[in-house]
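Subject: Structure handover

Hi,

Here is the structure we spoke about. My notes follow below it.

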Amino acid sequence: KLSYEIMDDAAQAFLKSKIMDNIHKYYYLIAFGGYMLEAAELARNAVSDEIKAEVMLKGGKCAIPADKLKLVKTFTQFMEENASLRDLIETGKGNLQWERDIPPAALSNLESLAAKDFKGNMGQIIHDIYQTAHVMFCDMPQGDHKKRAKYRFASKTMMRLLPANTRTAVESLIESKKMTLDLYEILSRRRQG
């Protein structure tokens, strides 16, 4: 999570796709484990009693050689029978939280200041954004990573608070790559507009 918070947007998009891919693979690995537990039981039950008698251990368990075990169904068939497992991974992908939530009281305060007089309250808004960031990122050690995470948070929060017409203009400039999601660029655009 630390790496994600300090990266720029392009790197975040790349990391997000890698994380999603790894979660997807890990989920299927867990599903495959469930399949193997079921398949092992079915394979043991499919072995004839004569073979089981030949390989019976003293404790009552069977040590059936692997070449005598046959899988009753494939993993694909298992997944088709348990289609809800596929749905579970697809719906779960969208429920991941990538960024920290702004505390509701802090967000409400910032929105209130911006709605009253955005330009007149600019100093207080910036102060409160950084105060909120300080609290939100208190779990991170001091240093460049923490500064970068707080600065990205401040930039994104300022975008969220911009008046609608300014936000639209800034978003189009960011999309056209004429500016970046940078607090100082956003503030300078606000002063111009």
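Glutamate 81 counts as exposed, because its relative accessibility is 53%. The classes are simple: buried means under 20% relative accessible area, exposed over 50%, and partly exposed in between (1.4 Å probe, protein chains only). The model is a predicted one: local features need pLDDT of at least 70, side-chain atom pairs count only at pLDDT 80 or more, and totals for chains, interfaces and linings use all residues. Residues are numbered from 1 along each chain as its sequence is written, and side-chain values use heavy atoms, with hydrogens and water left out.

Salt bridges

The side chain of glutamate 81 meets that of lysine 73 in a salt bridge, at 2.5 Å from N to O. The term stands for a side-chain nitrogen of Lys or Arg within 4 Å of a carboxyl oxygen of Asp or Glu. By the 4 Å rule, the count comes to 4 salt bridges. Side chains of opposite charge can pair when their charged atoms come close.

Lysine 73 also meets glutamate 38 in a salt bridge, at 2.8 Å from N to O. That pair links distant parts of the chain, 35 residues apart. Lysine 73 sits in the loop between helix 3 (49-54) and helix 4 (75-81), and glutamate 38 is in helix 2. Helices here are DSSP runs (H or I, at least four residues), numbered from the N terminus. Is lysine 73 buried or exposed? Lysine 73 counts as buried, because its relative accessibility is 15%. Glutamate 38 is partly exposed, with a relative accessible area of 31%.

Helix 2 holds another pair. The side chains of lysine 25 and aspartate 21 meet in a salt bridge, 3.1 Å from N to O. Both residues lie in helix 2, 4 residues apart, or about one turn of the helix. Aspartate 21 counts as partly exposed, at 35% relative accessibility.

Surface patch

Leucine 29 lies in helix 2 as well, which spans residues 9-46. At 56% relative accessibility, leucine 29 counts as exposed. Tyr26, Leu29 and Ile30 form a nonpolar patch on the surface, with about 350 Å² of accessible area together. Patches take residues with over 30% relative accessible area and no salt bridge; like charges are joined within 9 Å, nonpolar side chains (Val, Leu, Ile, Met, Phe, Trp, Tyr) within 5 Å. Accessible areas come from the Shrake-Rupley method with a 1.4 Å probe; for residues, only the protein chains shown count as cover.

Helix packing

Helix 6 (residues 104-117) packs on helix 8 (residues 144-161) at an angle of about 50°, with axes 10 Å apart. Helix 7 and helix 8 pack at about 135°, with axes 10 Å apart. Axes are lines fitted to C-alpha atoms, for helices over the stretch in contact, and angles run from 0 to 180 degrees between N-to-C directions. Helix 6 and helix 8 are therefore oblique to each other. Helix 7 and helix 8 are oblique too. Under 35 degrees counts as roughly parallel, over 145 as roughly antiparallel, 65 to 115 as roughly perpendicular, and the rest as oblique.

Methionine 122 lies in helix 7 (residues 122-136). At 16% relative accessibility, methionine 122 counts as buried.

Best wishes

Notes: Helix = DSSP H or I, 4+ residues; strand = E, 2+ residues; numbered from the N terminus.
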